[in-house]
Amino acid sequence: MIRNNELNFLSFNESSSPVELSASIRFLIRAIRFLKPGKMAYKLDFYERFLNYLRIIGLASLSQNQSVLDDLNAENESTNHSFARFLIHLGLVEKQDSQWKVKAEYSSLAKNQLLALLEKSEKPASTKLSEAERQLVDDFLHIRDLVKKYRQPETSFKHIRKHRKTWERLVQSNQLDYEIRLSETLFHLWKFRSGSKIRSPFDEAYYTESGRSAFRNFTRPLFQKYISQLASNLQHHPTVFDLGCGYGNYVELVRETFPGSQLTGVEINPEVYHATREKFSTDANVEIINTDFFELNATKQYDFVLMNYVLFYFSQEDQKAVLRKAASLLNPGGSIVLCQYFSGIENLKEQLAERQKEFTLFKKIVMYYSDKILYANTLWNDSVDTFASAVKWDHFRQNLRESGLYIESTTNADPYYYSLFVEIKKLS
Ligand SMILES: C[S@@+](CC[C@H](N)C(=O)[O-])C[C@H]1O[C@@H](n2cnc3c(N)ncnc32)[C@H](O)[C@@H]1O
């Protein structure tokens, strides 16, 4: 973990220029993907295809939202819109003669071809397509095959030809579990319409389930280490409040890490609440409450208020109110600890990885993919009706400043630096 006195987190701005890998790194990635020396090479192959999958989805949404390009060219407010950022950072649009246009190599895929591909997995006639577009289509269908196999294990791949057995094993052994779920979720971005919300094709518990999958696959050991460091100066068993506790992943881990700890979890979704309350029904140190956080009349104060993957359920205005209410629940010296992803902070994450002495070539490559995918996830949080608004870094740090809060420490919440753990304290 890195503290505020080593890196001034709030001095970092969201960046607007896309990060690219050097030609030599791209060559290395091509070689690894071709030779497939091990499991990690398949993951790399997956990520490269995932970006192209997102590009097809982006081109389909753009074909139905052409006005976004006009807005970009007019350089009005929407230049900062998540959709514009997604298009720019995934390299779908570029400036030609000072005008934003679809990149030349992606400009022959017609709207009807894109929609047929998305709706029916119908491959467009390839004669007029560029080499780059053919690759996008192949990669899109590859990922669709994996998603289908994940949901219907008895089906055979329709498009994956090479290394079928290995891909099958990776899906069956849940080694691409989180990534495939994310592909399944982000597929629906093709329904994006500027100015309105996409109706979620999933029920609310689906996202709680995805949270559980991320926790099992990535965050669990890192959180245990982080919270142990944060609690190391306490003279008593920690008391913890978990806002949006979901199925109680973090509650369970805190109880396991600090057997004398006492926890209160708040969960708005009755279905999720019942499952979680049941899980802790024999633990007198755990209280699970079914309410909206804003409705809660809290009487106790806590050493830690956890807020993991929950801020995007609140509007931009309410995000500030949530932080303030969470801060009001803290004991003197207590901390809000949140787990959250932010797009556009590649520079901050690179510095963090460097200071944590793990900014290796390999890390640089996986962070590149995870950073690009984040632009799609941010867009999803802004676009689907389950969520109110993505958590934007610049807005977040402004909220902290305006609320008398600051970031005391941070660390990565997964090996890809996709999400961060952030410890927030009150300015004294
Ligand atoms: C994505 S899940 C994450 C669950 C858990 N924190 C984790 O990381 O595994 C977010 C949870 O916050 C809950 N939630 C959303 N808005 C809330 C509110 N206003 N009050 C309490 N819980 C809320 C949702 O129902 C959901 O279960």
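How far from an oxygen atom of the ligand does a polar side-chain atom of Thr208 lie? The distance is 3.3 Å, within the limit for a polar contact (a pair of N or O atoms within 3.5 Å; within protein, one must be able to donate a hydrogen and the other to accept it, and residues adjacent in sequence count only if both atoms are side-chain atoms). This is a predicted model, in which local features need pLDDT of at least 70 and side-chain atom pairs count only at pLDDT 80 or more, while totals for chains, interfaces and linings use all residues. Residues are numbered from 1 along each chain as its sequence is written, and side-chain values use heavy atoms, with hydrogens and water left out.

A polar backbone atom of Gly244 is 2.8 Å from a nitrogen atom of the ligand. For Asp292, an N or O atom in the side chain is 3.0 Å from a ligand nitrogen.

The protein chain is divided into domain 1 (36-191) and domain 2 (204-426), with bounds from an automatic or database domain assignment. Their C-alpha centres lie 29 Å apart. Each domain gives 26 residues to the contact, meaning heavy atoms within 4.5 Å.

About 2,400 Å² is buried between the two domains, and carbon and sulfur atoms give 69% of this. Buried area is the accessible area (1.4 Å probe) that two parts lose on being put together, summed over both. On the domain 1 side, His89, Tyr178 and Arg181 lose the most area to domain 2, together 25% of what that side buries. The helices α2 (39-63), α4 (82-89) and α8 (177-186) each supply at least two residues of this side; helices are DSSP runs (H or I, at least four residues), numbered from the N terminus.

Across the interface, 10 residue pairs are in polar contact, but the count of salt bridges between the domains is zero. A salt bridge here is a side-chain nitrogen of Lys or Arg within 4 Å of a carboxyl oxygen of Asp or Glu.

By this rule the structure has 22 salt bridges. One of them joins the side chains of Glu48 and Arg26 at 2.8 Å, N to O. Glu48 lies in helix α2 and Arg26 in helix α1 (residues 23-35), so the pair ties together parts that are 22 residues apart in sequence.
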